[in-house]
Amino acid sequence: MDEVKAVDVKIFPYRLLKPETTEKILNQVMELEGILRVLINGESLPKLINYGPAKGLEVNHQDRKVIKVKDKEIELLVSVGEIIITVDHEKLNSFVEELEKILEDSLNFKYDISVGVFTKTKTTVSDYLKYGSGFEESINPKVIGMVDPNSKSSETVKFIGD
Amino acid sequence: MVYEAQYAPGETKIAENRRRHINPSHELEKMRNVADEDVVKLLGHKNPGEGYKTVHPPLDEMDFEEDAMKDLVEPIDGAKDGIRVRYVQFADSMYNAPAQPYDRARTYLWRFRGVDTGTLSGRQVVEMRESDLEAMSKSLIETELFDPAKTGLRGATVHGHSLRLDEDGLMFDALQRYVYNKETGHVNYVKDQVGKPLDEPVDVGEPLDEDHLKDITTIYRSENVGLREDKELIEVVETIHAARTDGGFGLGVFKDDLRCKLGDKNER
């Protein structure tokens, strides 16, 4: 695979986003050119209560919802607090301009947009622990560094588009 | 010499708010009404209308060895009846919640009898005889110490006090014990303090205005009133710091003692 020069753009809203807002932003963002991958971070929302006298009961948090991005269903496992988008370096300027317009229209509170490196760029020990040595040959390099070694990739990584 | 309690140091409105909370002669402003039955439901220790469980017979019926302390201290009602001890716990958002754990601890100890309270970074737990606890919880929820959006009644899984608020201005709660009702503009509790669903939502009223919260909060925050702006408070903190450093290590004493032992005649 050809090497692509990429850079991360981080959206940091001053409020935790509702699934509807996240869906709206993501759908608009996914239309923009130059996107390589999108990482959604936030506070984890448990499915079941895992501590205390109510242990085992369903939480039914309104923010843990299935959203549709480009007709693909994604289950949000977190209350969205941060969106990191990896963008092709050549398209960066136009991307950020467009992104600002989208956020300006969809959010009625402050937010920060920062450009930098916010994801891992190299394979680390955690990756070897999760996938075993020599795994780089058999998986999509875009996935490296995207997930927590304790989580299941099938739940947290979705391939959308080309 | 008669000392007058100062309750909390400081010359800013934040310090003034802390003194208002702590000072038992100041009557806390009542902001909302929550029915007794609803408080019982929120606490989740027993069903509304159910009798209190007891852990010992009423004190009047018990034989004690003679103890002057027992004559001196009047037991609270729950203790007299032998009612068991239960708890309530509040979490306060750093986004200008009216109260915060240390303020709560001091408030509880000044205003209520028979409390056993514990302070943690974002939450304050208090244990008490159940009947008295219910009365106390009611007054804590109904008065200015509580804001439906920035204060949470959380027995377990309390995480959220230091996180950003959600889009409705509510403090993050992984168990979503309370939700914002867009139609009424009120916050409704749909679960009790540990996360067990309630049969009917409990309305705790409208969230307070953010600007109003800035006026009544007891939290120093750079975008409102910063800690460094309060000269008197800084002076007190520095005095305590210096006294603890010197007193804790006994530096002065140690130095003089060592010199003396080393044969320095000029020192004590």
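Start where the two chains meet: between chain A and chain B there are 12 residue pairs in polar contact, both residues at pLDDT 80 or more. A polar contact is a pair of N or O atoms within 3.5 Å; within protein, one must be able to donate a hydrogen and the other to accept it, and residues adjacent in sequence count only if both atoms are side-chain atoms.

Now select strand S1 (6-13), strand S2 (35-44) and strand S5 (78-88) of chain A, the elements that give two or more residues to the side touching chain B. Helices (H or I, at least four residues) and strands (E, at least two) are DSSP runs, numbered from the N terminus. That side of chain A divides into 14 nonpolar, eight polar and four charged residues. Here Ala, Val, Leu, Ile, Met, Phe, Trp, Tyr, Cys and Pro count as nonpolar, Asp, Glu, Lys and Arg as charged, and the others, Gly among them, as polar.

A word on what you are viewing: this is a predicted model, in which local features need pLDDT of at least 70 and side-chain atom pairs count only at pLDDT 80 or more, while totals for chains, interfaces and linings use all residues. Residues are numbered from 1 along each chain as its sequence is written, chains are lettered from A and ligands numbered from 1 in the order in which they are written, and side-chain values use heavy atoms, with hydrogens and water left out.

Next, show both sides of the contact (heavy atoms within 4.5 Å): 26 residues come from chain A and 23 residues from chain B. In chain A, pick out A:Arg15, A:Leu16 and A:Lys18, which lose the most area to chain B, together 31% of what that side buries.

The term means a side-chain nitrogen of Lys or Arg within 4 Å of a carboxyl oxygen of Asp or Glu. The count between the chains is two salt bridges.

You can look for nine helices and seven strands, and its C-alpha trace spans about 80 × 60 × 35 Å along its principal axes.

Last stop: select B:Ile141, in helix H6 (residues 130-142) of chain B. Is B:Ile141 buried or exposed? B:Ile141 is buried, with a relative accessible area of 1%; buried means under 20%, exposed over 50%, partly exposed in between (1.4 Å probe, protein chains only). Not counting residues up to four places away in sequence, B:Ile141 touches several others, including B:Phe90, B:Phe146 and B:Leu153.

Methods:
Buried area is the accessible area (1.4 Å probe) that two parts lose on being put together, summed over both.
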